[in-house]
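Morning, everyone. I have one structure to walk through today. Please look at it first, and then I'll start with the contacts.

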Amino acid sequence: MANKKTNKGKAQQAFLSPENYIKQKARTLSIGQCYMSDSIEMYGEGYVIVPRLHTGGNVTVGLYLVDTYCLGVKDTFYRFRCDEKEYLMLLQSIRHNMGLKEVSYEEAHNMLYGAIEFAEEAGIKPHKDFAITRYILDEDTDEIPLIEYDYGKDGKHFLVAHSNMELSKYLPLLKKNLGDKFDYVLEDGNDDEDDYYGGDDENENAENEKTEYTYKHPEYPSELKIENPIVTEILDNPDNADYLNVELTDKLLALPCESLRRDLENVILYNIGLTCDIKPDEMEEGEFIGNIGLAIVLLAEVGNEDSSIDVVLEVLRQSENFLEYHICDFGTEIISMTLYKLAHNRLDKLIAFIKEEGLVCRKKFYAIHAMRFIFMNYPEKRDEIIDIYREIINYFVDNHKRLKITNNTLNSLIVCELVDIRAKELLPEIKALYKNNMVYIFVCEGYSDVEKDINNPEEDNYVMPKDEIHERFAEIKRKIG
């Protein structure tokens, strides 16, 4: 929540989508440790990784697949506000497949822009998504010290085509711009059948990731009805926008439980209604009021298994921009933990939500994460939750081409969860995700590595987040810094 503030009580431009945030704000974030794949030096192709560090501890990272022999930046994507675990897993996966070494930002910058310039000699432009990820890099100006690298092979552009389609795409450009001053080879890519590369086919991969947000929300309360005025006095105070101290928390929890529950649910629904339909370009800078997030944390203490769960899930049904503004980097602390405390006996509600069509798929992970917490703290529910994961994955596999209910990012995060809890019973279902190109290998590795990790008897190092309310607010305060 605090990342929305530039000064005390002041918000950044509200409702910035991840792409707009990157374009407008990424260069204001500090640069973290950069990396290059060892494979670039050996084979002319590999990843350059440039992270930008958010004050709350999360990372927005640009990943650039660079071909120094010919194509320049042949692919690129970003991960927006990764938490530490997701980012480390991504690095681990690339390190396993291509090796990684630490480099300075200047080395990373020059490698990328040098490769782009070399490719442009052949009429080849960087991947279309570089139009976004270029903003994770500093501007290419004389202020960046020049470091020269060698490009091409044996003094020429050298195209390594991995398919006839790729060859037919680039060969005419090379002939047009270079004449006969280039070489090429068509490689035969026979991957091990048991080491599926999730999302290997570019077109199918893009299709699996593309999910249109189509949720039609109900009518939300047009008037805020409150039984305890102190609730809005505290929650609507900009000084409390990020978290509540012990005194204020205890003051609210001293109110009659059912009355407080109704007030918190009404606060959430009323404030959803105020901002759910406002477009990003219609928002103005102003005070950030964190009342929705604060109310969700409090609801974990006084909520019920029916209306309270429904209200929290209604927040998750909102648009990416809405969730980014109101919840920011704190989905685990705010959403997952509250669902864990409220829904351990109402897993049916989580299942129905995860299967729902037309939502922001990545935000469904907070419900998945809540199930992981339940798995860890209610051993008697282990078999039930394993069966739920099986049901969800099978539903995704059976319907992913017909319904927009999931995408590769969500599927990959689910696989990571299953590895962490050592759910080896679900290896057939995980394998089905890989066979259908429904995961990203650079999030959860290849299938053979997943199989090895999931059968690893070593104890998981994952630490269960604190679920006591004062500790939850203290953790949010710590992440804000």
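Of the contacts between residues at least 6 apart in sequence, 77% join residues at least 24 apart. Contact here means heavy atoms within 4.5 Å.

A word on the source. This is a predicted model; local features need pLDDT of at least 70, side-chain atom pairs count only at pLDDT 80 or more, and totals for chains, interfaces and linings use all residues. Residues are numbered from 1 along each chain as its sequence is written, and side-chain values use heavy atoms, with hydrogens and water left out.

Now the overall picture. The protein has 22 helices and eight strands. Those are DSSP runs, numbered from the N terminus: helices are H or I, at least four residues, and strands are E, at least two. Of the 481 residues, 55% are buried. Buried means under 20% relative accessible area, exposed over 50%, and partly exposed in between, with a 1.4 Å probe and protein chains only.

On to helix packing. Helix α12, residues 307-316, and helix α14, residues 331-343, have axes that come within 10 Å and cross at roughly 155°. Axes are lines fitted to C-alpha atoms, for helices over the stretch in contact, and angles run from 0 to 180 degrees between N-to-C directions. So α12 and α14 are roughly antiparallel. The cut-offs: under 35 degrees is roughly parallel, over 145 roughly antiparallel, 65 to 115 roughly perpendicular, and the rest oblique. On the α12 side, S308, I309, V312, L313, V315 and L316 meet I335, T338, L339, L342 and A343 of α14.

Next pair. Helix α16, residues 365-377, packs on helix α17, residues 382-399, at about 155°, with the axes 9 Å apart. That makes α16 roughly antiparallel to α17. From α16, the contact uses I368, M371, R372, I374 and F375. From α17, it uses R382, I385, I386, I388, Y389 and I392.

Which residues have a positive phi without being glycine? R81 is one, with phi near 50°. R81 lies in strand β5, residues 72-82, and is buried at 7% relative accessibility. D154 is another, with phi near 55°. D154 sits in the loop between α5 (130-133) and β7 (157-161). Is D154 buried or exposed? It is exposed, at 73% relative accessible area.
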